Protein chains: 2
Amino acid sequence: MREFVNLKFEEMPKVWYNVLSDLPFKLDPPLDPETNNPMSPEKLLKVFPAPLLEQEVNDVDRFIEIPQEILREYAVYRPTPLIRANFLEEYLQTPAKIYYKYEGQSPTGSHKTNTALAQAYYNKISGVKKLYTETGAGQWGSALSYAGLKFGIDVNIYMVRVSFNQKPARKSIMNLFNGKVTPSPSKNTKSGRKYEENHPGSLGIAISEAMEEVLQSNDSKYALGSVLNHVLLHQTIIGLEIKKQLEKLNIQPDVIIGCHGGGSNFGGTILPFIPDKLSGKNIRFIACEPESCPTLTKGEYRYDFGDTAGFTPLLKMYTLGKDFVPPSIHAGGLRYHGAAPIISALLNHNLIEAKAFSQEETFKAARLFSKLEGIIPAPESSHAIAGAIKEALNAKKENKEKIIVFTLSGHGLFDLNAYI
Amino acid sequence: MREFVNLKFEEMPKVWYNVLSDLPFKLDPPLDPETNNPMSPEKLLKVFPAPLLEQEVNDVDRFIEIPQEILREYAVYRPTPLIRANFLEEYLQTPAKIYYKYEGQSPTGSHKTNTALAQAYYNKISGVKKLYTETGAGQWGSALSYAGLKFGIDVNIYMVRVSFNQKPARKSIMNLFNGKVTPSPSKNTKSGRKYEENHPGSLGIAISEAMEEVLQSNDSKYALGSVLNHVLLHQTIIGLEIKKQLEKLNIQPDVIIGCHGGGSNFGGTILPFIPDKLSGKNIRFIACEPESCPTLTKGEYRYDFGDTAGFTPLLKMYTLGKDFVPPSIHAGGLRYHGAAPIISALLNHNLIEAKAFSQEETFKAARLFSKLEGIIPAPESSHAIAGAIKEALNAKKENKEKIIVFTLSGHGLFDLNAYI
């Protein structure tokens, strides 16, 4: 009647996949904005611990072993199920088979936990006592708080003030897991004090505040929830599990779809399938983004800052410009001017595709999915649903029995106001 | 490292278990308050459709086949996993093995969906167009809205005003699934108009409003989320699945635990194990309730109304008295003066035990569980966690390798304020 493809823990991959080892081209390195030369490791070590920086630049090892300590924590919620969208297929009357990988069962409700646990662990073994980060909608801040608690490391979060006020439940989860949340802009930092009281804030300002704290301290580091190579690396657990699950079904995917903000859930989903593409298999990858923040579909491919204030190294990526202010849309997690350098390079080499979806189309897809499949998706994840529906309807037109796979990166239980 | 016991859909039981067929005693019948004689079927048919009334009084058939239409909907989220609480065991350093059945993955986050789908289906095939119900915390209203949408039946919910104001997310879920929510007391009904504007309301008043609507209409019925025999019957899918899952592990439970409000999740969990107890097996069942609403531990066993206004038949049950007003505690779903007649009779015959837990002890258990097991439990469900922890610590004292099983009836993502 309905297919759930569950893996036992013993069947879970015990490695992450490092796509850099397989790419037929080199990524352009991050540049130091002061010199326009590649960033020196010393400067980066002020911000990230050595093991994560090693992962960031490793283009040799195909697989990176997941430490036992992290596997133990993955076991709390992984492997996650691959679910056949039988009800959606039936409603669409499509010959396509649609499968979704559901990451919303993680302790804080999204895929972010996969890298949060890894980052907290590597910081811990590097002697770091405190992590600083920023959060917009709150998914990343929640995940890092949980991971910090698990590995005994303090987590301090600058949360965009408008979200801080609008999403009290997210703040409560961070507090439940001992995360310290400060609405940004705050009075704690020079970067924050520039703004008037009760300024609504932005991700850019929050990043600046968190970075300022790290740069002034000796025992703390910065943690980023997306964009960077090591973050995408940790997320490949998603795609590696999907691979095993499809093998169990003895089927080959024709299209793999994910929503795209900074690129971590999309990258985590598709990167393990890149070798198939490179070896000539007929497989497509589609990144789905909001029309209101069309980084991949309308951005330029060039060097740009990762934040608004210009604290970060310059990254080669698709960007709408660091000063781009997206309209206030509900998918807070996709409201980012840039994109992961790995995803950007793949797009530039035509190895992946990108499509933009309107807010209306996305919410329609989300409502339909809630009613048919019984899971209320996060607004971010709903872009992937919209993408899958589009592909399924194309398959119907062409009368082809395509295999469509997408990642449902999180649930939308904290975003219900958006549905009304 | 961690045990998830998953069943395939094909392994899911295709029947409900009817404990009435096995009990060595008869239940006292519901009485008509006007005559003090057993309720006439005609009067009950005004409120419930015939197939549900048949289930209510059936004490012959041991198993009731689940219709295909309901199985199809169960397939959206069932079978649910049985999870070994490895992290909790380790923390408690107990020789006990603790397993929990997790019902929070249902479309609206609790076990309520199991009976909501069944009730919507039987009403639908009986020609009912509209269902009326009340809801306190909102879990039942959400579940019935979802079920109504699935079977094409209108759902109207009177929601206690104070919860309506405090839990906007719950209201949003009901609306998402097309449920019509009215804060109670309202101006729609005679029962509601008695109260001043913006009265905070109570479950009793909300029931009266819903009942009044049903009694005045020809095409609508009433749906109840707990207490009645047919509701407990539908919930036995939980315990039947647990049985299969324990068989897979080849282990026998020593203690089975559930939280207790009206009795539906507790009953659904333990009733399938009653035959084992009756045949002499050494197995204990513990109902966990809040100290602030101690129906089973401090109530009297006698006939009482199911609601405050006195609209319902008289039920033989443990009760704190229909006018009992529990203090405002967070576990809204457990704030009920009475208990299911089946559970009450089992307690009266010493086949089950009941224990009360303080709010402080319960929240402590909930926080601990969130941190260790990565699931944020509903305040209601946390009483079962507190009960399981107590038993696990007893096992430690006695140095016995007990098997403890409890049901985690729902997640607490809409109750996060309570944690802070």
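At 57% relative accessibility, B:N198 counts as exposed (exposed means over 50% relative accessible area, buried under 20% and partly exposed in between, with a 1.4 Å probe and protein chains only). This is a predicted model, in which local features need pLDDT of at least 70, side-chain atom pairs count only at pLDDT 80 or more, and totals for chains, interfaces and linings use all residues. Residues are numbered from 1 along each chain as its sequence is written, chains are lettered from A and ligands numbered from 1 in the order in which they are written, and side-chain values use heavy atoms, leaving out hydrogens and water.

Most residues other than glycine have a negative phi, and most peptide bonds are trans. B:N198, not a glycine, has a positive phi of about 65°; it lies in the loop between α9 (190-193) and α10 (203-215) of chain B (helices are DSSP runs of H or I with at least four residues, strands runs of E with at least two, numbered from the N terminus). B:N250 also has a positive phi, near 60°, and is found in the loop between α11 (229-249) and β10 (255-259) of chain B. With a relative accessible area of 70%, B:N250 is exposed.

One joins A:R78 and A:P79, with omega about -10°, and A:P79 sits in the loop between α3 (68-74) and β4 (82-84). Another runs from A:S184 to A:P185, with omega near 5°.

A:K112 is listed by UniProt, in an unreviewed entry, as the modified residue N6-(pyridoxal phosphate)lysine; such annotations may be inferred rather than shown by experiment. A:K112 is in the loop between β5 (97-102) and α5 (113-125) of chain A and counts as buried because its relative accessibility is 14%. Beyond residues up to four places away in sequence, A:K112 touches, among others, A:W140, A:S226 and A:S264 (contact means heavy atoms within 4.5 Å).

The interior can be followed through helix α15 (341-348) of chain B, which is largely enclosed by the rest of the structure because seven of its eight residues are buried. The largest nonpolar core has 217 residues, and those with the most contacts inside it include B:L346 and A:F406 (such a core is a set of buried Ala, Val, Leu, Ile, Met, Phe, Trp, Tyr and Cys residues joined through side-chain atoms within 4.5 Å). Apart from it lies another core of 21 residues, among them B:Y158 and B:Y222.

The copies meet through the same surface, because 100% of the interface residues of chain B are also interface residues in chain A.
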